Amino acid sequence: MSRYRSGSNSAGTVIAVVADVMAVILGLWILMYLLDANRGNDLVQFVHHAANWLAGWSRDLFTFDEAWARVVAGYGLAAVVYLFVGHAIANRVHRH
């Protein structure tokens, strides 16, 4: 039997996928910011608002002089934490 067929493994997979999606949104905002995406565009606005919500706790954690460094550090930290914690929880759920 595959490890992804039982109920707890499905929950672990969902947790990992949610963590991945959160990290992708944060990474996408970093990329859009660095490439100076049009802030008037609906997709850019959606990604920015979602990333702001996800990184609310880390967004202004660092006070670098350069704005791009603050964005990369603040949103990047949130992405790494979500990946690490999400996959750690998913692995724990997979084992039980």
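**Exercise 1. Work out what span helix H2 (residues 42-54) should have, and how far apart its end C-alpha atoms are.**

Helices here are DSSP runs (H or I, at least four residues), numbered from the N terminus. The expected span is 1.5 Å times one less than the number of residues. For the 13 residues of H2 this should give 18 Å, and the end C-alpha atoms are 18 Å apart, which agrees.

A word on the source: this is a predicted model, where local features need pLDDT of at least 70, side-chain atom pairs count only at pLDDT 80 or more, and totals for chains, interfaces and linings use all residues. Residues are numbered from 1 along each chain as its sequence is written, and side-chain values use heavy atoms, with hydrogens and water left out.

**Exercise 2. Describe how H2 meets helix H3 (residues 67-95).**

Start with the geometry: two packed helices are described by the angle between their axes and the distance between the axes. The axes (lines fitted to C-alpha atoms over the stretch in contact, with angles from 0 to 180 degrees between N-to-C directions) come within 10 Å and cross at roughly 70 degrees. That makes H2 roughly perpendicular to H3, a label for 65 to 115 degrees.

Next, find the contact (heavy atoms within 4.5 Å): H2 contributes His-48, Ala-51, Asn-52 and Leu-54, while H3 contributes Tyr-75, Ala-78 and Tyr-82.

**Exercise 3. Is Ser-58 buried or exposed?**

First locate Ser-58, in the loop between H2 and H3. Its relative accessible area is 0%, so Ser-58 is buried (under 20%; exposed is over 50%, partly exposed in between, with a 1.4 Å probe and protein chains only). Finally, leaving aside neighbours within four places in sequence, Ser-58 is in contact with Gly-74, Leu-77 and Ala-78.

Key:
Helices (H or I, at least four residues) and strands (E, at least two) are DSSP runs, numbered from the N terminus. Angles under 35 degrees count as roughly parallel, over 145 as roughly antiparallel, 65 to 115 as roughly perpendicular and the rest as oblique.
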